Amino acid sequence: MKRSRINEIMAQADDMIRSHGFTLPPFAYWTPDEFRSRRDAARHVIDARCGWDITDYGDGRFDEMGLFLFTLRNGLLSDLQKGGGMCYAEKLLISRQDQLSPMHTHALKAEDIINRGGATMVIELYGSDDQGRFAEDRGGTVWCDGIRRDYAPGEKLRFAPGESVTLRPGDWHAFWGEGGDVLIGEVSTVNDDETDNIFREPIGRFAQIEEDVDPTHLLVSDYRNWLC
């Protein structure tokens with residue numbers, strides 16, 4: 001993706017988030033130079049990879065297959081492993097109309113996916129085989145706003161603003177906006193986007209960046225090169 005396109009998506013996303021009554025934390029608006037100058041104080045933000053995240057899954061078709069994310073807070077895997085401390089994470093996502101976030105699951109992360117506003121959120125679900133692999137012929141069970149719901153393989157569940165679903169490891173899922181763009185909340189156990197996204201197809205988690213302009217704000221995938 002071109003950096004100019006990423007800057008544009010950031011600005012559009014910030015406008016949408018504000019239109020629904022949310023405001024991002026102050027570090028979201030730091031310039032790269034400000035981030036560099038404050039990186040010691042912001043070490044947890046960097047290590048936990050909080051911040052902007054825009055992906056086309058390495059496929060180069062953001063409008064058709066992509067996702068906007070902002071990680072608001074995140075614990076560390078070491079806390080999760082010892083069973084104490086900051087074992088949770090929270091994100092905001094924007095799923096555009098008919099923009100696919102492709103079929104995947106997680107080995108560790110359980111997550112609540114919440115329609116925070118906008119259009120309808122559609123989630124397509126499949127179960128796992130005994131080894132946790134995608135199973136085209138298996139369904140499973142999720143909880144929608146705390147109410148149990150069994151799903152058939154490939155069933156598409158629809159969520160209006162305010163509704164949510166709890167997904168656990170082994171629930172294979174893809175999602176998109178229907179009828180417009182959707183602001184999505186995610187509340188989960190510690191989030192590790194580098195190792196805990198298991199895609200059905202061999203795709204990448206992060207975009208490849210073409211540096212045609214300077215970044216307005218850094219992506220989490222920039223931290224290693226810019227701040228470490």
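The model is predicted, with local features needing pLDDT of at least 70 and side-chain atom pairs counting only at pLDDT 80 or more, while totals for chains, interfaces and linings use all residues. Residues are numbered from 1 along each chain as its sequence is written, and side-chain values use heavy atoms, with hydrogens and water left out.

**Pocket and cavities**

Let's start with the holes. Rolling a probe the size of a water molecule over the atoms shows where empty space is left. Here the work is done on a 1 Å grid over the protein atoms alone: a cavity is a set of points where a 1.4 Å probe fits but cannot get out, a pocket is an open set with protein on both sides within 12 Å along at least five of seven lines, and lining residues have an atom within 4 Å of a point. Grid points are joined across faces, edges and corners, and a volume is the space filled by probe spheres set on the points.

The largest pocket holds about 300 Å³ of space. Its lining has 20 residues, with D47, A48, R49, D192 and E194 nearest the centre. Two or more lining residues come from each of α3 (43-47), β2 (67-74) and α5 (223-226); helices (H or I, at least four residues) and strands (E, at least two) are DSSP runs, numbered from the N terminus.

The whole structure also has 2 cavities of 30 Å³ or more. In the largest cavity, 18 residues form the lining, and L67, L69, H104, E186 and N197 lie nearest the centre. Strands β2, β3, β4, β5 and β11 (172-189) each give at least two residues to this lining, and β11 has the largest share, with 3 residues. The second largest cavity is lined by D53, I54, F206, A207, I209, L219 and S221.

Ala, Val, Leu, Ile, Met, Phe, Trp, Tyr, Cys and Pro count as nonpolar, Asp, Glu, Lys and Arg as charged, and the others, Gly among them, as polar.

| Space | Volume | Lining by class |
|---|---|---|
| Largest pocket | about 300 Å³ | 9 nonpolar, 4 polar, 7 charged residues |
| Largest cavity | about 150 Å³ | 7 nonpolar, 5 polar, 6 charged residues |
| Second largest cavity | about 30 Å³ | 5 nonpolar, 1 polar, 1 charged residues |

**Nonpolar cores**

In soluble globular proteins, nonpolar side chains tend to be buried together. A nonpolar core here is a set of buried Ala, Val, Leu, Ile, Met, Phe, Trp, Tyr and Cys residues joined through side-chain atoms within 4.5 Å. Buried means under 20% relative accessible area, exposed over 50%, and partly exposed in between (1.4 Å probe, protein chains only).

The largest core has 32 residues, and L24, F35, W52, I54, F68, F70 and Y223 touch the most other members. At least two core residues come from each of α1 (3-19), α3, β1 (51-55), β2 and β3 (88-95), and α1 gives the largest share, 6 residues. Take I54: leaving out residues up to four places away in sequence, I54 is in contact (heavy atoms within 4.5 Å) with M1, I6, I9, M10, F62, L67, F68, A207 and L219. There is also a second, separate core of 21 residues, L67, L93, M121 and Y151 among them.

**Salt bridges**

The structure has 24 salt bridges, each a side-chain nitrogen of Lys or Arg within 4 Å of a carboxyl oxygen of Asp or Glu. In the bridge between E211 and R3, the closest N and O atoms are 2.7 Å apart. E211 sits in the loop between β12 (198-199) and α5, and R3 in helix α1, so this pair ties together parts 208 residues apart in sequence. E211 counts as partly exposed at 47% relative accessibility, whereas R3 counts as buried at 0%.

E90 bridges to R73 with closest N and O atoms 2.6 Å apart. That pair links strand β3 to strand β2, 17 residues apart. Both ends are partly exposed: E90 at 23% and R73 at 37%.

The E111 and K109 bridge has its closest N and O atoms 3.6 Å apart. E111 is buried at 3%, and K109 is buried at 4%. Elsewhere, bridges with shared partners join R5, E8, D63 and R96 into one network.

**A look at H106**

H106 is in the loop between β4 (101-105) and β5 (111-128). H106 is buried, with a relative accessible area of 5%. Apart from neighbours within four places in sequence, H106 is in contact with E111, P169, G170, H173, D196, N197 and I198. The C-alpha atoms of H106 and D193 are 9.6 Å apart, though 87 residues separate the two along the chain.
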